[in-house]
Amino acid sequence: DALREVRPETSAETPVEAPDRVALTPREQQCLRLLAEGWSNREIAVEMHYSTGSIKNLVRRIMDKTGVSDRTQAAVVAVKTGLI
């Protein structure tokens, strides 16, 4: 889609900059907190009473909102911004 924002790709060596403000829902915050603690999608799904597919979608939404490309970077942003 031509209207979608284009984000540069990042790698493990690329520093992750925390956005000033990220608006996450309470469920996204809970998921991000568990993700940052190292929980798997399956473990998060059981804890939150969601399907694994729903958690995958939730993690993708979190990554989109935080502007990162993987779970580790999302956890770093969560810590840097005080989301967790």
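Analyst: Two residues are in contact when heavy atoms lie within 4.5 Å. Keep that cut-off in mind for this predicted model.

User: Which residues does Ile-55 touch, leaving out those up to four places away in sequence?

Analyst: Ile-55 touches Cys-31, Asn-41, Ile-44, Ala-45, Met-48 and Tyr-50. Ile-55 also belongs to the largest nonpolar core, which has 19 residues. Along with Cys-31, Leu-32, Ile-44 and Met-48, Ile-55 touches the most other members. Helices H1, H2, H3 and H4 each supply at least two residues of this core. H3 gives the most, with five residues.

User: Why are H2 and H3 called roughly perpendicular?

Analyst: Start with the angle. The axes of H2 (residues 41–48) and H3 (residues 52–66) cross at roughly 105 degrees. Angles of 65 to 115 degrees count as roughly perpendicular. The crossing angle falls in that range, so H2 and H3 are roughly perpendicular to each other. Their axes come within 8 Å.

User: Which residues of H2 and H3 meet?

Analyst: From H2 come Asn-41, Arg-42, Ile-44, Ala-45 and Met-48. They meet Thr-52, Ile-55, Lys-56, Leu-58 and Val-59 in H3. By class, this contact has six nonpolar, two polar and two charged residues.

User: What makes the pair Arg-61 and Glu-28 a salt bridge?

Analyst: Distance decides. The closest N and O atoms are 3.1 Å apart. The rule asks for a side-chain nitrogen of Lys or Arg within 4 Å of a carboxyl oxygen of Asp or Glu. The pair therefore qualifies. Arg-61 sits in H3 and Glu-28 in H1, 33 residues apart.

User: How do you know that Glu-28 is buried or exposed?

Analyst: Its relative accessible area is 1%. Buried means under 20%, so Glu-28 is buried. Arg-61 has 41%, which lies between 20% and 50%, so Arg-61 is partly exposed.

User: What links Glu-28 to Lys-65?

Analyst: Their side chains meet in a salt bridge, at 2.8 Å from N to O. Glu-28 is in H1 and Lys-65 in H3, so the pair ties together parts 37 residues apart in sequence. Lys-65 is partly exposed, at 38%. Glu-28, Arg-61 and Lys-65 are linked in a network of salt bridges.

User: How many salt bridges are there by this rule?

Analyst: The count comes to three. One of them joins Arg-60 and Asp-64, with the closest N and O atoms 3.6 Å apart. That is within 4 Å, so the pair counts. Both residues lie in H3, four residues apart, about one turn of the helix.

Key. Residues are numbered from 1 along each chain as its sequence is written. This is a predicted model: local features need pLDDT of at least 70, side-chain atom pairs count only at pLDDT 80 or more; totals for chains, interfaces and linings use all residues. Side-chain values use heavy atoms; hydrogens and water are left out. Axes are lines fitted to C-alpha atoms, for helices over the stretch in contact, and angles run from 0 to 180 degrees between N-to-C directions. Angles under 35 degrees count as roughly parallel, over 145 as roughly antiparallel, 65 to 115 as roughly perpendicular and the rest as oblique. Ala, Val, Leu, Ile, Met, Phe, Trp, Tyr, Cys and Pro count as nonpolar, Asp, Glu, Lys and Arg as charged, and the others, Gly among them, as polar. A nonpolar core is a set of buried Ala, Val, Leu, Ile, Met, Phe, Trp, Tyr and Cys residues joined through side-chain atoms within 4.5 Å. Buried means under 20% relative accessible area, exposed over 50%, partly exposed in between (1.4 Å probe, protein chains only).
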